[in-house]
Amino acid sequence: MEVQLIAANVDTIFVVTSCNEEFNDSRLERYLALASDSGVKVVVVLTKKDLADDPDAYADRVRTITSNVAVELVNALDVSTLDGTRAWCQTGQTVALVGSSGVGKSTLVNTLAGREVQLTGSIREDDAHGRHTTTSRSLHLLEEGALLLDVPGLRELGMVDLERGVAEVFNDVEALALRCRFADCAHQAEPGCGVRAAIDSGELDERRFRNYEKMLREEARNTATIAERHQQSRRFGKRVRQAMKERQRFRPS
Ligand SMILES: Nc1nc2c(ncn2[C@@H]2O[C@H](COP(=O)(O)OP(=O)(O)OP(=O)(O)O)[C@@H](O)[C@H]2O)c(=O)[nH]1
Ligand SMILES: [Mg+2]
Ligand SMILES: [Zn+2]
């Protein structure tokens, strides 16, 4: 069964990333913010544990980024490692798999389905990036009764209207900001800044804070652009209607 649809009515999102050079803390934060913003259950599925010397180190990195989500460490090619993952795929559940190209989303779908329903493709050796093998969304019914939505690896992850998701993934940063002396602290060089103090003491990773700032800036810019566009199109519509009225007025009867 293959149905095209958008990721509405999804119960759980698997954010898929792998135990190799593909793993990127900032990108994962971004995926998690997007996923968390939708208000559904979020699970990080770490694939390719069979290829890593120390797969648990990757799981630890995920837990450093967020303590709110479940982590499944798997070899997507080996069904015996997928019991935990399968537990999220009960009857009536719809699960969307998102993540960069080459992380093994389609491989997971195939192994969970017990047969090859999706094409998979090799990754580039130098940087472990995929080749965008899957190019459209498709839905797959498992014997257990769950629906799996295989989403092609996105080339770009835009941040729009995601304040809630950002706040959820970076709740530690937002909690630190409560310690700032000034309520409108920008965490740059203000005195009594709780965030800077945490960075200085090593409690907060400078990279994580930079990524948080970057995502908030982008979010604000994109959301503003969309509001502007709406306003422009409203103004344009008004001008068109006015012009039509005037034309009618001047039309010789
Ligand atoms: N060893 C190992 N290889 C894996 C694992 N998961 C995926 N692969 C391999 O990684 C490559 C990419 O897998 P795909 O399933 O095509 O990746 P994808 O996420 O669907 O990629 P796109 O469709 O491009 O978005 C294939 O060669 C898979 O066999 C794993 O857990 N272990
Ligand atoms: Mg695929
Ligand atoms: Zn501050």
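Q: At about what angle to β6 does helix α4 run in this predicted model?
A: Let's start by finding helix α4, which spans residues 105–113. This helix lies across β1 (12–18), β2, β4, β5 and β6. Its direction relative to β6 is an angle of about 160 degrees.

Q: In what order do the six strands of the open sheet come?
A: Strands in a sheet pair through backbone hydrogen bonds, either parallel or antiparallel. In this open sheet the pairing is mixed. The edge strands, each pairing on one side only, are β3 and β5 (138–141). From one strand to the next, the twist averages 25 degrees. Reading across, the order is β3-β2-β1-β4-β6-β5.

Q: Which residue in β6 does L97 stand opposite?
A: Strand β4 covers residues 94–98, and strand β6 covers residues 147–150. The two run parallel and are joined by four bridges. Opposite L97 stands D150.

Q: Why are the buried residues of α2 on the same side of the helix?
A: In helix α2 (residues 55–65), the buried residues are Y58, V62 and I65. They share a side because the arc they cover around the axis is only 60 degrees. The reason asked for is the arc of only 60 degrees.

Q: Which elements are included in what covers the buried residues of α2?
A: Helix α2 lies across β2 and β3, running at about 165 degrees to β3. Both strands belong to the cover, and a helix does too. The elements included are α1 (25–37), β2 (41–47) and β3 (70–73).

How values were computed
Residues numbered from 1 in each chain as written. Chains lettered and ligands numbered in written order. Predicted model: local features only at pLDDT ≥ 70, side-chain atom pairs only at ≥ 80, totals over all residues. Buried ≥ 20, exposed ≤ 12 C-beta atoms within 10 Å, placed from the backbone. Arc of directions from axis to C-beta. Contact = placed C-beta atoms within 7 Å. Pairing = 2+ DSSP bridges. Axes fitted to C-alpha atoms, helices over the stretch in contact; angles between N-to-C directions.
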